[in-house]
Amino acid sequence: MKLSSASAAITVDIIVYPGFKAVEAIGPMSVFEYANLHLQRRGKASGYDVRVASCTVGPVRSDTLMSLDATKALSTLSLPDNAIIVGARHIQAALIDSAAIIDWVAAVAPRIKRLTSLCSGAFFLAAAGALNGRRATTHWGVAERLQADYPAVQVDADAIFVRADHVWTSAGVTAGIDLALALVEEDFGRELALEVATEMVVFLKRPGGQSQFSAHLLSERTTRPNIRELQNWILENLQEKLSVTQLAQKAMMSERHFTRVFQQEVGVSTQEFIERCRFEGATTLLAELTLSLKTVAARAGFTDEAHMRRVFQKKLGITPKLYRERFATTGVDG
(Lines give C-alpha, C1' and ligand atoms only; values in the text may rest on other atoms or scores of the structure.)
Protein backbone atom coordinates (compact mmCIF):
# COMPACT_ATOMS: atom_id res chain seq x y z
CA MET A 1 0.00 0.00 0.00
CA LYS A 2 1.57 3.25 -1.15
CA LEU A 3 1.06 5.90 1.54
CA SER A 4 2.56 9.00 -0.10
CA SER A 5 0.34 11.81 -1.30
CA ALA A 6 0.90 15.23 -2.78
CA SER A 7 -0.59 17.04 0.20
CA ALA A 8 0.78 15.64 3.45
CA ALA A 9 3.79 13.84 4.86
CA ILE A 10 3.43 10.22 5.92
CA THR A 11 3.19 10.05 9.69
CA VAL A 12 5.40 7.41 11.29
CA ASP A 13 5.34 6.53 14.97
CA ILE A 14 8.37 4.57 16.18
CA ILE A 15 7.05 2.80 19.25
CA VAL A 16 9.53 2.21 22.08
CA TYR A 17 9.34 0.92 25.65
CA PRO A 18 11.89 0.34 28.44
CA GLY A 19 14.69 -1.93 27.22
CA PHE A 20 14.03 -1.47 23.51
CA LYS A 21 16.91 -2.08 21.09
CA ALA A 22 18.37 1.34 20.33
CA VAL A 23 19.79 0.49 16.91
CA GLU A 24 16.40 -0.73 15.73
CA ALA A 25 14.85 2.63 16.46
CA ILE A 26 17.72 4.77 15.18
CA GLY A 27 18.27 2.82 11.93
CA PRO A 28 14.80 3.30 10.40
CA MET A 29 14.61 6.80 11.88
CA SER A 30 17.77 7.67 9.95
CA VAL A 31 16.37 6.16 6.74
CA PHE A 32 13.31 8.39 6.92
CA GLU A 33 15.40 11.45 7.84
CA TYR A 34 17.70 10.91 4.85
CA ALA A 35 14.64 10.40 2.64
CA ASN A 36 13.36 13.80 3.75
CA LEU A 37 16.77 15.34 3.09
CA HIS A 38 16.90 14.01 -0.47
CA LEU A 39 13.34 15.09 -1.16
CA GLN A 40 14.20 18.60 0.03
CA ARG A 41 17.23 18.64 -2.28
CA ARG A 42 14.81 18.01 -5.13
CA GLY A 43 12.80 21.02 -4.04
CA LYS A 44 10.02 18.88 -2.56
CA ALA A 45 8.45 18.81 0.86
CA SER A 46 9.51 16.28 3.47
CA GLY A 47 7.88 12.93 2.91
CA TYR A 48 7.87 11.66 6.48
CA ASP A 49 6.78 13.09 9.80
CA VAL A 50 8.49 10.81 12.35
CA ARG A 51 7.69 10.76 16.04
CA VAL A 52 8.76 8.59 18.96
CA ALA A 53 5.77 7.13 20.78
CA SER A 54 5.39 5.07 23.92
CA CYS A 55 2.80 4.19 26.54
CA THR A 56 3.52 7.54 28.18
CA VAL A 57 5.44 10.62 27.11
CA GLY A 58 8.95 11.24 28.39
CA PRO A 59 12.38 9.64 28.19
CA VAL A 60 12.49 5.89 27.53
CA ARG A 61 15.69 3.99 28.32
CA SER A 62 16.99 1.62 25.65
CA ASP A 63 19.21 -1.44 25.95
CA THR A 64 22.20 0.92 25.80
CA LEU A 65 23.15 4.12 27.63
CA MET A 66 20.86 6.02 25.26
CA SER A 67 17.28 7.08 25.91
CA LEU A 68 14.74 8.42 23.44
CA ASP A 69 12.23 11.10 24.33
CA ALA A 70 8.72 9.89 23.54
CA THR A 71 6.73 12.95 22.49
CA LYS A 72 3.51 11.04 21.86
CA ALA A 73 1.50 8.67 24.03
CA LEU A 74 -0.18 5.73 22.29
CA SER A 75 -3.82 6.47 21.53
CA THR A 76 -6.48 4.61 19.59
CA LEU A 77 -7.88 7.98 18.50
CA SER A 78 -4.72 9.42 16.96
CA LEU A 79 -3.23 6.89 14.56
CA PRO A 80 -0.14 7.37 12.41
CA ASP A 81 -0.02 6.17 8.83
CA ASN A 82 2.65 3.70 9.90
CA ALA A 83 3.38 2.34 13.37
CA ILE A 84 6.78 0.68 13.84
CA ILE A 85 7.28 -1.40 16.99
CA VAL A 86 10.93 -2.14 17.76
CA GLY A 87 12.27 -5.25 19.47
CA ALA A 88 13.96 -5.94 22.78
CA ARG A 89 16.59 -8.32 24.09
CA HIS A 90 14.23 -9.54 26.81
CA ILE A 91 11.01 -9.63 24.86
CA GLN A 92 9.06 -11.86 27.27
CA ALA A 93 9.56 -9.37 30.09
CA ALA A 94 8.69 -6.52 27.75
CA LEU A 95 5.38 -8.16 26.84
CA ILE A 96 4.44 -8.15 30.50
CA ASP A 97 5.84 -4.75 31.45
CA SER A 98 4.49 -3.01 28.32
CA ALA A 99 1.27 -4.99 27.87
CA ALA A 100 -0.53 -1.77 26.94
CA ILE A 101 1.17 -1.98 23.55
CA ILE A 102 -0.50 -5.35 22.92
CA ASP A 103 -3.90 -3.86 23.73
CA TRP A 104 -3.19 -0.91 21.44
CA VAL A 105 -2.17 -3.13 18.54
CA ALA A 106 -5.28 -5.28 18.95
CA ALA A 107 -7.46 -2.18 18.83
CA VAL A 108 -5.84 -0.47 15.83
CA ALA A 109 -4.59 -3.33 13.64
CA PRO A 110 -7.76 -3.58 11.52
CA ARG A 111 -7.79 0.12 10.66
CA ILE A 112 -4.23 1.40 10.65
CA LYS A 113 -2.77 1.89 7.17
CA ARG A 114 0.52 0.12 7.88
CA LEU A 115 1.62 -1.89 10.91
CA THR A 116 5.30 -2.79 11.23
CA SER A 117 7.45 -4.70 13.69
CA LEU A 118 11.22 -4.98 13.87
CA CYS A 119 13.03 -8.03 15.24
CA SER A 120 11.30 -9.39 18.37
CA GLY A 121 8.75 -6.58 18.15
CA ALA A 122 6.78 -9.19 16.19
CA PHE A 123 5.79 -10.70 19.55
CA PHE A 124 3.63 -7.65 20.29
CA LEU A 125 1.81 -8.11 16.98
CA ALA A 126 1.44 -11.84 17.52
CA ALA A 127 0.14 -11.42 21.07
CA ALA A 128 -2.48 -9.01 19.74
CA GLY A 129 -3.59 -11.47 17.07
CA ALA A 130 -2.41 -9.19 14.24
CA LEU A 131 -0.25 -11.94 12.73
CA ASN A 132 -2.80 -14.75 12.83
CA GLY A 133 -2.89 -16.50 9.47
CA ARG A 134 -0.13 -14.26 8.18
CA ARG A 135 3.46 -14.98 7.19
CA ALA A 136 5.93 -13.10 9.39
CA THR A 137 9.58 -13.05 10.42
CA THR A 138 11.62 -12.06 13.44
CA HIS A 139 15.15 -12.44 14.75
CA TRP A 140 16.35 -16.00 14.09
CA GLY A 141 17.17 -16.43 17.77
CA VAL A 142 13.52 -16.14 18.85
CA ALA A 143 11.80 -17.52 15.74
CA GLU A 144 11.14 -20.92 17.29
CA ARG A 145 9.68 -19.29 20.39
CA LEU A 146 7.42 -17.10 18.26
CA GLN A 147 6.14 -20.14 16.36
CA ALA A 148 5.65 -22.18 19.54
CA ASP A 149 3.86 -19.40 21.42
CA TYR A 150 1.70 -18.33 18.47
CA PRO A 151 1.03 -21.33 16.21
CA ALA A 152 -1.44 -19.35 14.10
CA VAL A 153 1.48 -17.31 12.73
CA GLN A 154 3.34 -18.58 9.66
CA VAL A 155 6.88 -17.87 10.87
CA ASP A 156 9.58 -17.57 8.21
CA ALA A 157 12.72 -17.76 10.32
CA ASP A 158 15.08 -17.05 7.43
CA ALA A 159 13.66 -13.94 5.73
CA ILE A 160 15.13 -10.44 6.07
CA PHE A 161 11.64 -8.94 6.05
CA VAL A 162 8.13 -10.04 5.15
CA ARG A 163 5.11 -8.12 3.91
CA ALA A 164 1.65 -9.60 4.47
CA ASP A 165 -1.09 -7.20 3.38
CA HIS A 166 -0.58 -4.01 5.42
CA VAL A 167 1.56 -5.77 8.03
CA TRP A 168 5.36 -5.77 7.70
CA THR A 169 7.82 -7.67 9.91
CA SER A 170 11.62 -7.76 9.85
CA ALA A 171 14.47 -9.88 11.13
CA GLY A 172 16.86 -8.67 13.78
CA VAL A 173 18.71 -5.43 14.34
CA THR A 174 20.02 -3.96 11.05
CA ALA A 175 17.34 -5.75 8.99
CA GLY A 176 15.11 -2.88 10.11
CA ILE A 177 17.11 -0.64 7.78
CA ASP A 178 16.37 -2.98 4.88
CA LEU A 179 12.68 -2.87 5.69
CA ALA A 180 12.69 0.93 6.04
CA LEU A 181 14.37 1.26 2.64
CA ALA A 182 11.69 -0.99 1.17
CA LEU A 183 9.03 1.32 2.66
CA VAL A 184 10.72 4.37 1.12
CA GLU A 185 10.79 2.60 -2.23
CA GLU A 186 7.10 1.78 -2.02
CA ASP A 187 6.15 5.29 -0.90
CA PHE A 188 8.41 7.39 -3.13
CA GLY A 189 10.01 5.08 -5.68
CA ARG A 190 13.19 3.12 -6.22
CA GLU A 191 15.40 6.07 -7.09
CA LEU A 192 14.90 7.79 -3.73
CA ALA A 193 15.43 4.52 -1.84
CA LEU A 194 18.73 3.98 -3.62
CA GLU A 195 19.85 7.55 -2.93
CA VAL A 196 19.19 6.97 0.76
CA ALA A 197 20.99 3.60 0.69
CA THR A 198 24.02 5.27 -0.90
CA GLU A 199 23.98 8.09 1.65
CA MET A 200 23.93 5.54 4.48
CA VAL A 201 26.70 3.49 2.82
CA VAL A 202 24.36 0.55 2.35
CA PHE A 203 25.78 -0.81 -0.89
CA LEU A 204 22.75 -2.84 -1.93
CA LYS A 205 19.26 -2.94 -0.54
CA ARG A 206 18.62 -6.58 0.30
CA PRO A 207 15.32 -8.11 -0.84
CA GLY A 208 13.04 -9.37 1.89
CA GLY A 209 13.36 -13.02 0.91
CA GLN A 210 17.12 -13.06 1.26
CA SER A 211 18.44 -15.27 4.05
CA GLN A 212 19.32 -13.85 7.48
CA PHE A 213 22.47 -16.02 7.36
CA SER A 214 25.22 -15.31 4.86
CA ALA A 215 27.67 -18.03 3.88
CA HIS A 216 30.42 -16.05 5.61
CA LEU A 217 28.42 -16.01 8.85
CA LEU A 218 27.83 -19.75 8.59
CA SER A 219 31.59 -20.17 8.24
CA GLU A 220 32.32 -18.04 11.29
CA ARG A 221 29.85 -20.08 13.40
CA THR A 222 31.71 -23.34 12.67
CA THR A 223 33.69 -24.72 15.63
CA ARG A 224 35.94 -27.27 13.87
CA PRO A 225 38.99 -25.53 12.35
CA ASN A 226 39.25 -27.97 9.44
CA ILE A 227 35.61 -27.43 8.45
CA ARG A 228 35.95 -23.66 8.82
CA GLU A 229 39.06 -23.69 6.64
CA LEU A 230 37.24 -25.81 4.08
CA GLN A 231 34.33 -23.37 4.02
CA ASN A 232 36.72 -20.50 3.38
CA TRP A 233 38.37 -22.52 0.61
CA ILE A 234 34.93 -23.12 -0.97
CA LEU A 235 34.20 -19.37 -0.86
CA GLU A 236 37.46 -18.70 -2.69
CA ASN A 237 37.02 -21.48 -5.28
CA LEU A 238 33.41 -21.32 -6.40
CA GLN A 239 34.35 -21.93 -10.02
CA GLU A 240 35.53 -25.46 -9.11
CA LYS A 241 33.08 -28.37 -9.46
CA LEU A 242 33.25 -28.90 -5.67
CA SER A 243 32.13 -32.51 -5.35
CA VAL A 244 31.58 -34.16 -1.97
CA THR A 245 34.43 -36.54 -2.79
CA GLN A 246 36.84 -33.65 -3.38
CA LEU A 247 35.75 -31.81 -0.23
CA ALA A 248 35.95 -34.92 1.94
CA GLN A 249 39.51 -35.51 0.72
CA LYS A 250 40.49 -31.92 1.54
CA ALA A 251 38.99 -32.36 5.04
CA MET A 252 40.84 -35.70 5.33
CA MET A 253 37.65 -37.62 6.15
CA SER A 254 35.64 -40.39 4.61
CA GLU A 255 32.71 -39.11 2.54
CA ARG A 256 30.15 -40.50 4.98
CA HIS A 257 31.83 -39.02 8.05
CA PHE A 258 32.48 -35.70 6.28
CA THR A 259 28.85 -35.40 5.17
CA ARG A 260 27.61 -35.99 8.73
CA VAL A 261 30.14 -33.65 10.38
CA PHE A 262 29.56 -30.84 7.87
CA GLN A 263 25.79 -30.99 8.42
CA GLN A 264 26.25 -30.95 12.20
CA GLU A 265 28.74 -28.08 12.16
CA VAL A 266 27.20 -25.83 9.52
CA GLY A 267 23.52 -26.70 9.82
CA VAL A 268 23.10 -27.31 6.08
CA SER A 269 24.40 -29.91 3.66
CA THR A 270 27.54 -29.32 1.60
CA GLN A 271 25.48 -28.81 -1.55
CA GLU A 272 23.18 -26.33 0.19
CA PHE A 273 26.19 -24.41 1.48
CA ILE A 274 27.82 -24.33 -1.96
CA GLU A 275 24.58 -23.17 -3.56
CA ARG A 276 24.25 -20.41 -0.98
CA CYS A 277 27.85 -19.31 -1.60
CA ARG A 278 27.27 -19.16 -5.35
CA PHE A 279 23.99 -17.33 -4.91
CA GLU A 280 25.57 -14.71 -2.65
CA GLY A 281 28.52 -14.39 -4.99
CA ALA A 282 26.14 -13.78 -7.86
CA THR A 283 24.23 -11.07 -5.95
CA THR A 284 27.51 -9.22 -5.44
CA LEU A 285 28.60 -9.64 -9.06
CA LEU A 286 25.24 -8.40 -10.32
CA ALA A 287 26.13 -5.00 -8.91
CA GLU A 288 28.88 -4.82 -11.55
CA LEU A 289 26.64 -3.51 -14.30
CA THR A 290 29.20 -4.13 -17.05
CA LEU A 291 29.10 -7.89 -16.49
CA SER A 292 26.66 -9.92 -18.57
CA LEU A 293 24.42 -12.44 -16.80
CA LYS A 294 26.36 -15.23 -18.51
CA THR A 295 29.62 -13.91 -17.06
CA VAL A 296 28.09 -13.52 -13.60
CA ALA A 297 26.87 -17.12 -13.70
CA ALA A 298 30.30 -18.40 -14.73
CA ARG A 299 32.23 -16.41 -12.12
CA ALA A 300 29.82 -17.46 -9.36
CA GLY A 301 30.34 -21.11 -10.29
CA PHE A 302 26.96 -21.95 -11.78
CA THR A 303 26.97 -24.44 -14.67
CA ASP A 304 25.21 -21.87 -16.86
CA GLU A 305 22.86 -18.90 -16.80
CA ALA A 306 19.80 -21.16 -16.61
CA HIS A 307 21.19 -22.83 -13.48
CA MET A 308 21.68 -19.43 -11.84
CA ARG A 309 18.15 -18.42 -12.82
CA ARG A 310 16.67 -21.52 -11.19
CA VAL A 311 18.50 -20.84 -7.92
CA PHE A 312 17.34 -17.20 -7.85
CA GLN A 313 13.77 -18.29 -8.52
CA LYS A 314 13.97 -20.81 -5.68
CA LYS A 315 15.48 -18.42 -3.16
CA LEU A 316 13.84 -15.11 -4.07
CA GLY A 317 11.10 -15.86 -6.57
CA ILE A 318 12.68 -13.49 -9.10
CA THR A 319 15.22 -13.78 -11.92
CA PRO A 320 18.83 -12.48 -11.71
CA LYS A 321 17.90 -9.84 -14.28
CA LEU A 322 15.05 -8.56 -12.13
CA TYR A 323 17.24 -8.72 -9.02
CA ARG A 324 19.79 -6.50 -10.76
CA GLU A 325 17.11 -4.03 -11.86
CA ARG A 326 15.67 -3.78 -8.34
CA PHE A 327 18.73 -3.88 -6.14
CA ALA A 328 21.72 -2.62 -8.10
CA THR A 329 22.46 1.10 -8.31
CA THR A 330 20.81 1.46 -11.73
CA GLY A 331 18.80 -0.68 -14.11
CA VAL A 332 20.55 -2.74 -16.78
CA ASP A 333 19.52 -4.84 -19.71
CA GLY A 334 20.03 -8.59 -19.30
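**Close-up views of a predicted model**

Phe262 is buried, and so is Phe273. Buried here means under 20% relative accessible area, with exposed over 50% and partly exposed in between (1.4 Å probe, protein chains only). The model is predicted: local features need pLDDT of at least 70, side-chain atom pairs count only at pLDDT 80 or more, and totals for chains, interfaces and linings use all residues. Residues are numbered from 1 along each chain as its sequence is written, and side-chain values use heavy atoms, leaving out hydrogens and water.

**View 1. The whole chain comprises 15 helices and 11 strands.** Helices (H or I, at least four residues) and strands (E, at least two) are DSSP runs, numbered from the N terminus. Of the 334 residues, 51% count as buried.

**View 2. Phe262 and Phe273 form an edge-to-face aromatic pair.** Their centres are 5.7 Å apart, with 70° between the planes. Rings of Phe, Tyr and Trp (its six-membered ring) pair if their centres lie within 6.5 Å; planes under 30 degrees apart are stacked, over 60 edge-to-face, and the rest tilted. Phe262 sits in helix 11 (residues 255-266) and Phe273 in helix 12, so the pair ties together parts 11 residues apart in sequence. By this rule there are 9 aromatic pairs. Phe32, Tyr48 and Phe188 form one aromatic cluster.

**View 3. Helix 12 (residues 270-285) packs against helix 14 (residues 305-316).** The angle is about 95°, and the axes lie 11 Å apart. That makes helix 12 roughly perpendicular to helix 14, a label for angles of 65 to 115 degrees; under 35 is roughly parallel, over 145 roughly antiparallel, and the rest oblique. Axes are lines fitted to C-alpha atoms, for helices over the stretch in contact, and angles run from 0 to 180 degrees between N-to-C directions. Among the residues that meet are Phe279 of helix 12 and Phe312 of helix 14. Contact means heavy atoms within 4.5 Å.

**View 4. An open sheet of 7 strands runs in the order 5-2-1-6-7-11-10.** The pairing is mixed. Two strands pair if DSSP finds at least two bridges between them. Strand 5 (72-73) and strand 10 (161-164) are the edges, each pairing on one side only.

**View 5. Strand 7 (residues 114-117) and strand 11 (residues 167-170) run parallel, joined by 3 bridges.** Ser117 has Thr169 in strand 11 as its bridge partner. Helix 6 (residues 175-188) packs on the sheet, and its direction makes about 150° with that of strand 11. The strands touched by helix 6 include strand 1 and strand 2 (48-54).
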